[in-house]
Amino acid sequence: MKITNIRCVPVLCPRKRNFGGATRTALGVAAFSDYTIVFVETDAGITGLGEVDSVFKRRGALLRHDLTAALVPAVIGEDPFRIGAIMQKMDHALDGVEEAKAGIEMALWDIVGKALNTPLYNLLGGKVRDRVPLSYSIPFGDPKDMAELARERVKWGHRTVKVKVGSEDAARDVAAVKLIREAIGPDIKLRVDGNMGWQTAKQAIQVIREMEKQNLELVEQPLPAHDLDGMAEIRRNIGVPLMADESIRSPRAAMQVIRRQAADIANVYVTEAGGLLNASRIFAMCEAANMPCMIGSMPEFGIGTAAQIHLGVAMTNLGPDSDACGVLYHQEDLLKTPLRIENGFSYPPEGPGLGVEIDMAVLEKWNKAAQAAAR
Ligand SMILES: [Mg+2]
């Protein structure tokens with residue numbers, strides 16, 4: 001089989017609004033998801049679907065440029081079964097931009113699954129579990145509003161709530177965590193995500209020690225991605241597990257985090273890792289280091305979320321509840337048949353490959369929105 005063509009379709013989809021405005025975290029403001037849908041076509045008539053998502057500064061049109069200028073030309077003519085070799089070709093064509101590579105890579109797995117007529121999870125080792133338990137993230141807002149949203153999501157079925165912290169107002173962050181704990185009660189797991197918002201280990205330790213009083217499950221990425229010494233210092237000085245997110249984007253980065261004992265848990269992304277192969281390698285490295293992993297979100301649409309769920313049911317060391325429910329953060333999704341996401345769990349589609357189909361009317365609408373925004 002050969003890859004004959006790759007189409008990259010820009011899309012713009014509004015996020016759900018929170019507290020009367022756009023979603024805010026320590027990473028910035030997000031009103032829309034400016035992503036790209038990827039169609040990888042083959043001479044066998046099988047088309048693989050992928051999604052390019054990013055919340056980081058290189059996103060949207062910049063990643064589309066990376067795709068069309070460097071990655072797509074490197075992949076045309078290749079055999080889609082040779083995923084490792086195609087990853088090497090893409091890495092050779094362009095450093096970094098894992099999110100763009102992941103969009104093509106997940107489409108390759110989709111093609112292989114369709115060709116072998118089996119769901120993607122069977123290509124990743126098969127099911128270890130039937131479903132992926134879900135956390136829900138509460139963005140910045142008035143602490144009372146944040147507590148109300150947390151209560152709603154727990155009522156819906158989440159057994160874990162993640163509070164976005166690391167804002168410039170540490171007292172507000174601490175107050176929000178306290179109010180949310182009161183709102184959700186003692187039995188729901190409560191975690192905080194600094195999204196690299198704190199400047200120094202000392203500052204982070206001081207705030208985390210205040211938040212720990214609310215029986216935290218874990219603390220996620222308090223410091224910038226590169227500051228592994230700072231992460232290790234925090235880890236030694238707080239009473240709850242420390243989870244690396246932005247620090248652990250690639251297998252190479254995972255090796256550094258493990259060597260320098262900079263985290264207890266890893267938040268692994270399909271997108272940040274450059275696809276499912278690298279993500280599964282990070283899972284394996286962490287398992288060898290006795291570190292549980294969870295699956296993180298950008299947040300994805302249905303295609304990318306399906307990839308996460310297939311990974312999630314197949315990885316042996318999936319630990320803390322995952323974020324494999326990006327569609328819940330958007331106003332609508334683009335799948336013909338919605339993913340089964342209910343009562344706090346995501347379930348993998350059972351069709352071949354990713355097992356998802358695109359509703360072309362929604363795709364066209366989102367594409368028009370992207371074109372209008374570009375003018
Ligand atoms: Mg995070």
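**Helix pair**

I looked at the crossing first: α2 passes α3 in a right-handed crossing. Right-handed here has the near helix turned clockwise from the far one by less than a right angle. Helices are DSSP runs (H or I, at least four residues) and strands likewise (E, at least two), numbered from the N terminus.

This is a predicted model, where local features need pLDDT of at least 70, side-chain atom pairs count only at pLDDT 80 or more, and totals for chains, interfaces and linings use all residues. Residues are numbered from 1 along each chain as its sequence is written.

I then checked the geometry. Helix α2 (residues 83–93) packs on helix α3 (residues 98–116) at about 165 degrees, with the axes 11 Å apart. That makes α2 roughly antiparallel to α3 (angle over 145 degrees). Axes are lines fitted to C-alpha atoms over the stretch in contact, and angles run from 0 to 180 degrees between N-to-C directions.

I listed the contact (C-beta atoms, placed from the backbone, within 7 Å). α2 gives Ile 83, Ile 86, Met 87 and Met 90; α3 gives Lys 101, Glu 105, Leu 108 and Trp 109. I count six nonpolar, no polar and two charged residues. Nonpolar is Ala, Val, Leu, Ile, Met, Phe, Trp, Tyr, Cys and Pro; charged is Asp, Glu, Lys and Arg; the others, Gly among them, are polar.

**Domains**

I moved on to domain 1 (3–118 + 357–374) and domain 2 (123–347), with bounds from an automatic or database domain assignment. Their C-alpha centres lie 23 Å apart.

Definitions and conventions
Parallel < 35°, antiparallel > 145°, perpendicular 65-115°, else oblique. Contact = placed C-beta atoms within 7 Å.
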